[in-house]
Amino acid sequence: MALALALGRRGLGETWPNPSVGCVIVKDGRIIGRGRTAASGRPHAEAAALEQAGDAARGATAYVTLEPCAHPGRDESCSDKLIRAGVARVVAAVQDPFPHVDGQGFDKLRGAGIVCDTNILQAEAEASHQGFFTRVRQGRPMVTLKLAMSLDGRIATAQGESKWITGPEARARVHLMRATHDAVMIGGGTARADDPELTVRNLGINRKPVRIVVSSDGNIPITGKLVQTANDHPTWLCHGPTLPADRAKDLEASGVKLIACDPGDTGLNVARLLQNLGKLGLTRVFCEGGGQLAASLLAANQVDHLVTFHSGLALGAGGTPGIAALPDQPLAEVQRFRLQRHERLGPDLLSYWDAAI
């Protein structure tokens, strides 16, 4: 099962709206087939592993990180494929909460005489499939908020200089994090100030996460890198009702997908914005700021994971804070995050935090 989970994690960021599942087929103590969900979500992991195993799958055990689907889509369901292949036993890490499955895959397999063992390495599988599960259960993608800051929580100097607060090792890790998410999201202020590419580079892999800009009035540079490369890298703009018609026309002509969102107290209503992204199929969103967008997500309790890079310098109170002003509330009511792990990354400190439940 650990191998199946490792296989599935390789596809994180490229299988949405489907989960990235891993499958290993074993017979007589030997692996005869392995597979993971392909890019764009098809074929599923079980189909890939069964194709590799061929006729030898009869009487074998299939280890799969998520309950096999029970409903036919473009092809017959994975449960039907396993039954037709003559698999004797299915070991699944976790049940699929998707309403069209949710136990029905196990029922179909058991009805065909296949032994099913469940909840094997369940916690690890829940973590691997968290994006998919969050979309199914809450209607929104899982959100990881990344903050690269000075020791005193600043992301730029008083003059606006921000390149580079952290070192090259931290920047390389950010590219890897982008590659494991369906989308990378920033605010309009960051798009204007930094003119970022938000692409995955220097990793030797071909990943193109959706690039999302959140801007009420759509004020992002038409001549900037994001808009100019929108036909090569999917680029979405989440905007409010104040987006001027002429700007909308220019953005769409450049290949930018426009997503109308409800306004909020400051900018857009980020909770409803994320619901819109969930409806479009996104399961994992990596937010790289800036400060106002980070504050909006935190204030709405929409952050599942917090990743912080701290560099060994201080910029003082005049620098730009990594998180803008938050609503005033009693300390006991402020959302807390739990430290999961940390590591030294070149000259910087990388910390992983999860939202406390």
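Which residues is serine 77 in contact with, leaving aside its neighbours within four places in sequence? The model is a predicted one, and in it I find serine 77 in contact with Cys69, Ala70, His71, Pro72 and Lys108.

**Entry on serine 77.** I located serine 77 in the loop between S3 and H3. I then looked up its accessibility and found a relative accessible area of 0%, so serine 77 counts as buried. For its side chain I noted a polar contact with the side chain of aspartate 80, at 3.0 Å.

**Entry on the sheet.** I next traced the strands, and I recorded an open sheet of five strands whose order is S2-S1-S3-S4-S5, with mixed pairing. The edges are formed by strand S2 (30–36) and strand S5 (115–117), each of which pairs on one side only. From one strand to the next I note an average twist of 15°. Looking at one pair within the sheet, I found that S3 and S4 run in the parallel sense and are paired over four bridges, and that valine 64 has alanine 92 in S4 as its bridge partner. I also looked for a helix against this sheet: H2 packs on it and touches S1, S2 and S3, while the direction of H2 makes about 145° with that of S2.

**Entry on the cores.** I then turned to the largest nonpolar core, which has 33 residues, and noted that Ile25, Leu50, Leu82, Val87 and Val90 are the members that touch the most others. The largest share, four residues, is that of H2. Apart from this core I found another, of 29 residues, including Ile212, Trp236, Cys238 and Leu282.

I went back to valine 90 and listed its contacts, again leaving aside neighbours within four places in sequence: they are Ala62, Val64, Pro68, Leu82, Leu109, Ile114, Val115, Cys116 and Asp117.

**Entry on the backbone.** I looked last at backbone angles, bearing in mind that most residues other than glycine have a negative phi and that most peptide bonds are trans. Where did I find cis peptide bonds? One joins tryptophan 16 and proline 17, with omega at about 10°, and I place proline 17 in the loop between H1 and S1. Another joins arginine 42 and proline 43, with omega at about -5°, and proline 43 belongs to the loop between S2 and H2.

For phi, I wrote down two leucines. Leucine 121 has a positive value, near 55°, and sits in the loop between S5 and helix H5 (122–128). Leucine 198 also has a positive phi, near 60°, and its place is the loop between helix H8 (188–194) and strand S9 (210–214).

Are these leucines buried, exposed or partly exposed? Leucine 121 has 33% relative accessibility and therefore counts as partly exposed, whereas leucine 198, with a relative accessible area of 3%, is buried.

Methods
Residues numbered from 1 in each chain as written. Predicted model: local features only at pLDDT ≥ 70, side-chain atom pairs only at ≥ 80, totals over all residues. Heavy atoms only, no water. Core = buried A, V, L, I, M, F, W, Y, C linked by side-chain atoms within 4.5 Å. Buried < 20%, exposed > 50% of the residue type's maximum accessible area, 1.4 Å probe, protein only. Contact = heavy atoms within 4.5 Å. Polar contact = N/O pair within 3.5 Å; in protein donor to acceptor, adjacent residues only side chain to side chain. Pairing = 2+ DSSP bridges. Axes fitted to C-alpha atoms, helices over the stretch in contact; angles between N-to-C directions.
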